[in-house]
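Hello,

Here is the structure we talked about handing over. My notes follow below it.

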Amino acid sequence: MSSAATTCPVAIRIQQDDFDIAREIAVLTKSRTDIGAVVSFSGICRADEDSSKIAALTLEHYPGMAEAEIKRHVDEAISRWPLNGVTVIHRVGRFEPGQNIVLVLTASQHRRAAFEAAEFLMDYLKTSAPFWKKEESATGTGWVEAHARDDEAAARWTKS
């Protein structure tokens, strides 16, 4: 485990309210001279999925379990990469196209660790975090099934 694991500030929030990416980066890096790179990933509700128009998405979660699962993956990222800070914000509720859904920030002294850790966390959020997504379209509403492409992306991080 990296030595950063004991000193790496972590913020995990599940909320209905929107987030401000610049503000979250400022909070993560305030008074920090040990951070040389911050990678951000923001997931946004898009207007279509496989040529089907989406009017809105509703995201639900399992309170308590969702935070614990995210924390478990953050801890794993901290053990794999020398991170100096991590923020994960996942919104729940109803979203229309163009609205923010998720934010992952990873901070490190160097960019490679920050990029890899952010990608690792997003791959696991897509496959393992207990969130459920319902799509609304002109043809009706339905729960979204997991995609094999997301499982394949997460599988590359499995230790052999």
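The side chains of D34 and N84 are joined by a polar contact of 2.8 Å. (A polar contact is a pair of N or O atoms within 3.5 Å; within protein, one must be able to donate a hydrogen and the other to accept it, and residues adjacent in sequence count only if both atoms are side-chain atoms.) This is a predicted model: local features need pLDDT of at least 70, side-chain atom pairs count only at pLDDT 80 or more, and totals for chains, interfaces and linings use all residues. Residues are numbered from 1 along each chain as its sequence is written, and side-chain values use heavy atoms, with hydrogens and water left out.

D34 also makes a side-chain polar contact with R32, at 2.8 Å. D34 and N84 are 50 residues apart along the chain, yet their C-alpha atoms are separated by 7.4 Å. Beyond its neighbours within four places in sequence, D34 is in contact (heavy atoms within 4.5 Å) with N84, S108 and Q109. D34 sits in the loop between α1 (21-29) and β2. Helices (H or I, at least four residues) and strands (E, at least two) are DSSP runs, numbered from the N terminus.

Now the sheet. It is open, with four strands in the order β1-β6-β8-β2 and mixed pairing. The edge strands, β1 (10-15) and β2 (37-44), each pair on one side only. Pairing requires at least two DSSP bridges between two strands. β6 (residues 83-91) and β8 (residues 100-108) pair in the antiparallel sense over seven bridges. V88 has V104 in β8 as its bridge partner.

Best wishes
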